[in-house]
Amino acid sequence: MSIETISLSGRKKQVSNKEMTFWERMYLVAIVKGLIITIQHLFTRKVTIQYPEQVREMSPVYRGQHMLKRDEQGRENCTACGLCALSCPAEAITMKAEERRADEKHLYREEKYASIYEINMLRCIFCGLCEEACPKDAIYLTTSKVLVPSSYEREDFIFGKDKLVMPLDIAMQNAQLKNAN
């Protein structure tokens, strides 16, 4: 048994350099096939929409901008466990945990909270794994069409708690809706 006949994977193939025929060398068959495909596309229905007048329907699995939830009393749900940062495949989330002081009981639910919570929107791929990993349901991706505003500075794409935490009035509305149901 020679070394040329041994195949560890069993998928070894013998390649042959056979001579191409005249029609294969002319590439006419390939050109005609390409033209047929092009002509078929000329007669298919266009998918273009007239944007301001027509609005495209959003996908049911659409994931928009991140938001950190508050409870019905306006306190942040995040306990800085770090599971969202661990589950993020793009490593876009960074946080720093601190202990809650006695005068901060009205701001945070648990003894530990995220003093710094940042998401680098240039790295984020909006996969939703952070939302699934959070045991306290503190972070979620909204259905708003506003994703990340454009800018020329990289620092503008790092969203801190000032941009991520749910506004207090929205938290109160959510609490009223939850109590009504």
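Author: What follows treats the annotated cysteines, then the salt bridges, and then the sheet.

This is a predicted model, in which local features need pLDDT of at least 70 and side-chain atom pairs count only at pLDDT 80 or more, whereas totals for chains, interfaces and linings use all residues. Residues are numbered from 1 along each chain as its sequence is written, and side-chain values use heavy atoms, with hydrogens and water left out.

An unreviewed UniProt entry carries the annotation "binding site" for C78, C81, C84 and C134. The UniProt positions are given in the numbering used here, feature names are shortened, and annotations may be inferred rather than shown by experiment.

C78 is found in the loop between β1 (66–68) and α3 (83–87). Helices (H or I, at least four residues) and strands (E, at least two) are DSSP runs, numbered from the N terminus. C78 has a relative accessible area of 12% and is therefore buried; buried means under 20% relative accessible area, exposed means over 50%, and partly exposed lies in between (1.4 Å probe, protein chains only). Not counting residues up to four places away in sequence, C78 touches K112, Y113, A114, Y117 and A138, where contact means heavy atoms within 4.5 Å.

C81 is likewise found in the loop between β1 and α3. Its relative accessible area is 40%, so C81 counts as partly exposed. When neighbours within four places in sequence are left aside, C81 is in contact with K112 and P135.

C127 is partly exposed because its relative accessibility is 24%. Leaving aside neighbours within four places in sequence, the contacts of C127 are R63 and P89.

C130, by contrast, lies in helix α4 and counts as buried, because its relative accessibility is 6%. Beyond residues up to four places away in sequence, C130 touches H66, C84, S87, I93, I139 and L141. One of these contacts, C84, belongs to the other annotated set.

The charged residues come next. Side chains of opposite charge can pair when their charged atoms come close. A search of the whole structure finds 7 salt bridges, each being a side-chain nitrogen of Lys or Arg within 4 Å of a carboxyl oxygen of Asp or Glu. In one of them, K161 pairs with E76, and the closest N and O atoms are 2.9 Å apart. This pair links distant parts of the chain, since K161 is in helix α5 (residues 161–164) and E76 is in the loop between β1 and α3, 85 residues apart. Both K161 and E76 are buried. The loop that holds E76 is also where C78 is found.

D71 forms a salt bridge with R75, with the closest N and O atoms 3.0 Å apart. The relative accessible area of D71 is 7%, so D71 is buried. A further salt bridge brings together the side chains of R101 and D103 (3.7 Å, N to O). R101 is partly exposed, with a relative accessible area of 47%, while D103 counts as exposed at 53% relative accessibility. R101, D103 and E104 are linked in a network of salt bridges.

Finally, an open sheet of 3 strands has the order β2-β3-β5, with antiparallel pairing. Two strands pair if DSSP finds at least two bridges between them. The edge strands are β2 (93–99) and β5 (158–159), and each pairs on one side only. Strand β3 (residues 112–120) pairs with β5 in the antiparallel sense over 2 bridges, and N120 stands opposite I158 in β5.
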